[in-house]
Structure formats: structure tokens, C-alpha cells
Amino acid sequence: MPTPHNRAENGQIAKTVLMPGDPRRAEMIAKTFLEDVSLVSDVRGMFCFTGTVEGKPVSVMGSGMGVPSIGIYSYELYTQYGVENIIRVGSAGASAPALKLFDVVLADRAWSESSFARTMSGFTGDSTYPSEALNKKLAESAARLGIPITLGAIHSSDVFYREPWQGENYWRNIRDEHGCVCVEMESFALFHNAKVTGKNAACLLTISDNFNDSAVTTAEEREKGFTEMMKIALGVV
């Protein structure tokens, strides 16, 4: 049934949902990769589209930016709409020197300073994990397509802008202490919600900038150019 944040009716959202942060990117994915597409929710401008891939239903919905936002949307999808699998498809900043612009990362752990999980369910750890079975399918999809991926831990940050109290190279400390190859802002909550609801979650990221050499993509490139991870994700539907 509809929620305060989603007007879709039961049955209008598929069991598998691709979830970028940007709702405009969700629209681009749906109109580029899906057939028989329909807009099933646009509450607060957070578009949710449902269509098919080779006759199989799939939905694409924006999550917004940050842990609290994806925490709301993913929890409602799991608990109110019967969604079984959410694959986050997002952008990330690389802290590992080997990663280049447009490289694809498959997260095997999300480390965070966030208090989301403790407040939400009493979980006191600082790392959450994707579904092993879903990650295996994504790795197999990438192999079939011949698209290289990097499997690694990611930093799921609560903030985008930081005052310099930790120093300019705080990201190096996080990388070296916690083994994080890149940073984004959502997967810690997504993995946690999947765990507490007994559902599946995974995260594919495309590198949009690199802290080591200041390389960066444009907003248009981020919206339209991250097609490799979309193909990988749709390969498991």
C-alpha cells in the first residue's frame, strides 16, 4: 500500500529494484534499459519506474543522498512492497590509487561512523555486509559481460563536506585503517536494512573522482556515462 514517501500500489514495484541516488539517473536507467516502462511513484520527486528486461519485471528508484534517505526508501520497499533484492548503483570517490575514473567496484563490506544502525535496531558494529548470494550473481554477470570489477570494502560516510579538524588526508587514514577502497554515502544503511528484514542487498559503484590525483567526472557524465554497472546489475534479473 502507499506510504508517506511512495504512492505505488501493491504489485507495481518488482521484486528486484535498482537504486541509484539521483532520481534523474533512475529515469535515465529506466528509459534506456527497460521496456514497457511506467512511472509508479513520484512523491517528493523521488521517481520509481517499473518495466521489464527480456520480459522479466524490474524497478528503478532513486534513494536520495545519504544514509537516512536510503534508510527510509529501502526499508519501505522491503517491508511494504515485498521487494526481495535491492542493488544500489551509485558513484564513489576512490581512495585506492589503483582505481581510475569509471572503474566499477562491487562492495563486500560497508564501514561507517554512522549511528543509523544503532539507533534503528541496536546494532553496535561499524560494518555491514551485502548478500553473498547476490554478490556472487553480480560477479558472475560481470564475468559474462567481460567487464572488470574490483571487489572491496567501501567507506559509507555520513557527511559530504568536512571541516579540516581531521586534516586534509583523513581519507588516507580511513583507507589504511579500515581497508576502504572508495567512499559513498548510502550502503551502510542499505545493507543493514536488508539484514534486519531478511532480504538481499548489494552495491555496485562507478568511480566518479579520485582523491589521489584530483580526477573528476562531470554531473552529465555521472548521469549518463555509468552504463557498465547498469549492464552488470540487469544481468542478474
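I began at the hairpin of β3 and β4, which has 2 residues between the strands. One of the residues I checked there, Glu54, takes a positive phi near 50°. This is a predicted model, so I read that angle as a computed value.

Next I followed the strands out from the turn. β3 covers residues 48-53 and runs antiparallel to β4, with 6 bridges between them. Val53 sits opposite Lys56 in β4.

Then I looked at what else β4 pairs with. Strand β1 (residues 16-19) joins β4 (residues 56-61) in the parallel sense, over 2 bridges. Leu18 has Val60 of β4 as its bridge partner.

Val60 turned up again when I went through the cores: it belongs to a separate core of 26 residues, along with Ala26, Ala142 and Ile147, among others.

Which residues touch the most other members of the largest nonpolar core? I found Ile13, Leu77 and Cys182, out of 37 residues in that core. Among the elements giving two or more residues to this core are β1, α2 (67-80) and β10 (200-210). I also listed contacts of Ile13 beyond four places in sequence, including Val40, Cys48, Thr50, Ser59 and Leu77.

Last, a helix pair. α1 (residues 23-33) packs on α8 (residues 227-234) at an angle of about 65°, and their axes are 12 Å apart. I noted the crossing of α1 and α8 as right-handed. From α1, Arg25, Ile29 and Phe33 meet Thr227, Met230, Lys231 and Leu234 of α8. I sorted the residues of this contact into 4 nonpolar, 1 polar and 2 charged.

Terms used: Residues are numbered from 1 along each chain as its sequence is written. This is a predicted model: local features need pLDDT of at least 70, side-chain atom pairs count only at pLDDT 80 or more; totals for chains, interfaces and linings use all residues. Side-chain values use heavy atoms; hydrogens and water are left out. Two strands pair if DSSP finds at least two bridges between them. Helices (H or I, at least four residues) and strands (E, at least two) are DSSP runs, numbered from the N terminus. A nonpolar core is a set of buried Ala, Val, Leu, Ile, Met, Phe, Trp, Tyr and Cys residues joined through side-chain atoms within 4.5 Å. Buried means under 20% relative accessible area, exposed over 50%, partly exposed in between (1.4 Å probe, protein chains only). Contact means heavy atoms within 4.5 Å. Axes are lines fitted to C-alpha atoms, for helices over the stretch in contact, and angles run from 0 to 180 degrees between N-to-C directions. A crossing is left-handed if the near helix is turned anticlockwise from the far one by less than a right angle, and right-handed if clockwise. Ala, Val, Leu, Ile, Met, Phe, Trp, Tyr, Cys and Pro count as nonpolar, Asp, Glu, Lys and Arg as charged, and the others, Gly among them, as polar.
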